[in-house]
Each structure stands twice: as C-alpha cells, then as structure tokens.
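Subject: Structure handover

Hello,

Here is the structure for your files. My notes on its salt bridges and on one helix position follow below.

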Amino acid sequence: MTRQDRLRKWFSYALTLLPVWWLDAYILSRWPVFGVTPVLLPVAVTAVSVLEGVSGGAGFGFGAGLLWAAYPGGHGSRVLVLTVMGMLTGALAQYALAQTLMGCLLCSAAVVAALELIRVAQELFFLRAQLLPALSSAIPQLLWTLCWVPAVYGIFFRVFSRVGGDRLA
C-alpha cells in the first residue's frame, strides 16, 4: 500500500466518523431510550481497531478521543482512554479474535462496560450517586449501545473493504 493509499484510507475513516459523531452528538442524545443514550464514538474506535489492529486502533482512538473530549462536559482523559482502548481492542482482535462483527461486538461490549464502570466509580468516589442507581443507568446504556454495533461496524467495514484494508489474520 502506497503512502497516498494510506492517506486516502485514513481520510475515508475520518469522513466516516463524521456521520457517526453527528448521530451520537446531535440526534440520539436528544431522544433517550429508557433514559439513556448510546455512546457511539467508542464503538467506532472499536470497529476500526478490530479491522486495522493495534497501531490503527490507537491512532483512530486518539483522533476520536479528541472529538469526544470536545463534547460538552468532556475532559482530556477521554483522549487517553480511547487511545488505550483502541490499542487494546486492536491487539485483542489481531491476536485472539476474528475481524468479524462478532469480534467487534465482544470488544465493544468490553469497551463500553469498562467506560461505564469508570463512570460508576467516579460517581461513587465523588459521592454523586449510590451504587444501585448508578448501575441502573449503566446497564441499559451498555445494552442500548450494543444495539448500534452492527450498524457502526457495517459502515466502517464497508470503508475498510473499499479502500484496500488488509486483513490482519
């Protein structure tokens, strides 16, 4: 793959992230289901990580983390968290799982569960909530987010297959 092909591939991924971000930030956030909204940017990072591996997942996680940190109430730790999670899910997909929808679903479940556990731990640490109320919002958010994994993975898989992505395994 030439340098120009790589630039075209990552530019395509960045353009593909824009409608996912728009859906996450402006559409789904306005209509919560059962009081929760899905978090699609971590799922997008997971999808690219499953398809591209460790370095691609970490790089895409960094870029998506910058976008996610710019959300209202966001903070810089989101950049680090998505970078590390992109790297870890890329390694998991590269060495242990298949680059399939099922691999993406398993990795997305792990990533979103970890993010929800971090959020619950913060709420407990800063005494903003008690355990059961915090978990009662975390579990539906995890399940609602997992409903969006096939759509997000499908979008990025289409880009992956069109711009010359190479299978890792």
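Arg119 forms a salt bridge with Glu123, with the closest N and O atoms 2.9 Å apart. A salt bridge here is a side-chain nitrogen of Lys or Arg within 4 Å of a carboxyl oxygen of Asp or Glu. The model is predicted: local features need pLDDT of at least 70, side-chain atom pairs count only at pLDDT 80 or more, and totals for chains, interfaces and linings use all residues. Residues are numbered from 1 along each chain as its sequence is written, and side-chain values use heavy atoms, leaving out hydrogens and water.

Arg119 and Glu123 both lie in helix α5, 4 residues apart, about one turn of the helix. Helices are DSSP runs (H or I, at least four residues), numbered from the N terminus. Arg119 also meets Glu116 in a salt bridge, at 2.7 Å from N to O. Shared partners join Glu116, Arg119 and Glu123 into one network. Arg119 is partly exposed at 22% relative accessibility, while Glu116 is buried at 8% and Glu123 is buried at 17%. Buried means under 20% relative accessible area, exposed over 50%, and partly exposed in between (1.4 Å probe, protein chains only).

The structure holds 3 salt bridges. One of them pairs Lys9 with Glu52, the closest N and O atoms being 3.0 Å apart. Lys9 lies in helix α1 (residues 3-27) and Glu52 in helix α2, so the pair ties together parts 43 residues apart in sequence.

Helix α2 (residues 40-52) also holds Ala47, which is buried at 0% relative accessible area. Ala47 touches Cys104, Tyr153 and Phe156, not counting residues up to four places away in sequence; contact means heavy atoms within 4.5 Å.

Regards

Key:
Helix = DSSP H or I, 4+ residues; strand = E, 2+ residues; numbered from the N terminus.
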